[in-house]
Amino acid sequence: MEARVAALEKSLPEIKEKLNLILVKVESIDKHSATKADLANTELSMLKWCVATAIAMTGLACAITFGLTKLFSGS
């Protein structure tokens with residue numbers, strides 16, 4: 001039993017070092033990962049962009065159609 005305890009005590013500094021490395025990595029992941037709120041904001045932003053682009057393209061198509069109609073009907 002004493003030999004097992006001695007082996008555990010001997011490996012304790014190595015275990016602590018590895019644990020500290022794991023904690024640093026976990027903190028880094030937490031700092032750089034997105035939250036649910038971040039994802040929701042991104043989704044909303046993308047939806048707004050898509051709707052605005054569709055409206056702009058529709059307006060452009062209508063303007064081109066109107067312009068071509070005026071151009072060809074006036075001749």
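What percentage of the 75 residues of the chain count as buried? And please look closely at the salt bridge: which residues form it, and how far apart are their closest N and O atoms?

Modeller: Happy to! This is a predicted model, in which local features need pLDDT of at least 70 and side-chain atom pairs pLDDT 80 or more, while totals for chains, interfaces and linings use all residues. Numbering starts from 1 along each chain as its sequence is written, and side-chain values use heavy atoms, without hydrogens or water.

To your first point: 0% of the 75 residues count as buried (under 20% relative accessible area; exposed is over 50%, partly exposed in between, with a 1.4 Å probe and protein chains only). The chain has two helices and zero strands (DSSP runs numbered from the N terminus: H or I of at least four residues, E of at least two). Its radius of gyration, taken over C-alpha atoms, is 32 Å, well over the 11 Å from the globule rule for 75 residues, so the chain is more spread out than a compact globule; that rule is 2.2 Å times the number of residues to the power 0.38. Along the principal axes, the C-alpha atoms fill a box of roughly 105 × 20 × 15 Å.

Now to your salt bridge (a Lys or Arg side-chain nitrogen within 4 Å of an Asp or Glu carboxyl oxygen). The structure holds one. Lysine 18 pairs with glutamate 14, and their closest N and O atoms are 3.3 Å apart. Side chains of opposite charge can pair when their charged atoms come close. Both residues sit in helix α1, four residues apart, which is about one turn of the helix. Glutamate 14 counts as partly exposed because its relative accessibility is 47%.

Further along, aspartate 30 also belongs to helix α1, which covers residues 2–32. With 54% relative accessibility, aspartate 30 counts as exposed. From its C-alpha atom to that of leucine 19, 11 residues away along the chain, the separation is 16 Å.

Asparagine 41 and valine 51 are 10 residues apart in sequence, with 15 Å between their C-alpha atoms.
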